[in-house]
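Hi,

Here is the structure I promised to pass on.

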Amino acid sequence: MPRPCAKSQIHHALVVGGTGPTGPHIVKGLLARGFTVTLFHRGTHESDDIPASVEHIHGDPHFSETIQTSLGDRKFDLVVAMYGRLRLLARHFSGRAGRLIAIGGVAAYRGHFAPEKLFPSGLGIPAHESEPVVLSEADGAFSWRVAETEREVLKLHPDATIFRYPLVYGPHQVLPLEWSLVRRALDRRPFVILPNGGLPIFTRGYAHNLAHAVMCAVDQPNAAAGQIYNCGDERQFTLRQLAEIVADALGHRWEIESLPAELAMPSWPMASPQEAAWHRMVDISKLRSELGYRDVVPAGKAMARTVHWYAERRGQLAAEIEQRLGDPFDYAAEDRLLADWRRCERVLLARHGRAETVRSHAYAHPKAPGLGLDHRGR
């Protein structure tokens, strides 16, 4: 249950951003806890889910001068910074915020974009907050900026809480990767091409669940002070499982066709060949144990809700989504690709195939009492 603010506690919150997938849930969570809420965003996207009582400050949170011009010397008891340049916001609110909750990303980990930098290659499965973060731009410029920002936030605000968001899904997502599956299922494609058996895992978080994680920190300021938390749904799915959930939600069935990531071109908008070669699954046990996080909506149900939301708005949203996604939905090309792959498989099997090996377990399996060897000489 939400914990209302006492007069001596935090009472005025600023949410930077707030109109994307998780924002309205965070705003409503703060209001339910007795906060007065102000939004600071560019004003290019408004949300009907934001109550009319919420004050809006329109300005660009990406530049020091526009942050200063828009906010001046206003002070807030709580700032939830989930948009713009977090480092600049942290600098501006030094001395102007009682608490700072910062939304970053899992890209801070060393090996997230450059798995070869680790030995053995790739992130731990799952990756815990104690694993190393990027310390040098040589490990990837974007990851380095994310990690550097985390370090500066905690230097300026030692009691801040940082959340590392994963891939976010749910209504109003700017780039819903699931659309590659949703449209194909709506178009009743008989098969879907996935990389490497559809086995790659990328941590995802339903918008409502991620907002709840933030509220867990709002409710427990002492426990969350100075901490960094991975976020994500409690249950994660492979790409194959996501494809099955999407099809089932739309009353469809299809065959999952596995191609090497380098050839599975129809799947590239969801997972590039480099991404599909490694898992990116993070450990949320710290969030669960320290702040008591549990999913508000189970992951399977959350994905099905997301699928229905986008399917019902196909006419309104598809053109813009597909321009951003870069998925051509060229079904004739997909048919040719699969046909060529099957021909290659037949040629390779004919040239290199061998009789199927029958595996049996290593332990003895005697057929009758006695001390002798079993029928396989074990």
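Strand β2 (residues 36-41) runs parallel to β3, and four bridges join the two. In that pair, Phe40 sits opposite Ile57 of β3. Before I go on, this is a predicted model, where local features need pLDDT of at least 70, side-chain atom pairs count only at pLDDT 80 or more, and totals for chains, interfaces and linings use all residues. Residues are numbered from 1 along each chain as its sequence is written, and side-chain values use heavy atoms, with hydrogens and water left out.

Both strands belong to an open sheet of seven, paired in parallel in the order β3-β2-β1-β4-β5-β6-β10. Its edges are β3 (55-58) and β10 (228-230), each pairing on one side only. Strands count as DSSP E runs of at least two residues and helices as H or I runs of at least four, numbered from the N terminus; two strands pair if DSSP finds at least two bridges between them.

Helix α2 (residues 64-71) lies across β1 (12-16), β2 and β3, at about 145° to β2. Contact here means heavy atoms within 4.5 Å; axes are lines fitted to C-alpha atoms, for helices over the stretch in contact, with angles from 0 to 180 degrees between N-to-C directions.

Two cis peptide bonds to check out: Phe119 to Pro120, omega about -10°, and Ile125 to Pro126, omega about -5°. Pro120 is in the loop between β5 (97-105) and α4 (141-156), and Pro126 lies in the loop between β5 and α4 too.

Finally, His172 has a positive phi of about 70° without being a glycine, in the loop between β7 (167-169) and α5 (179-186).

Cheers
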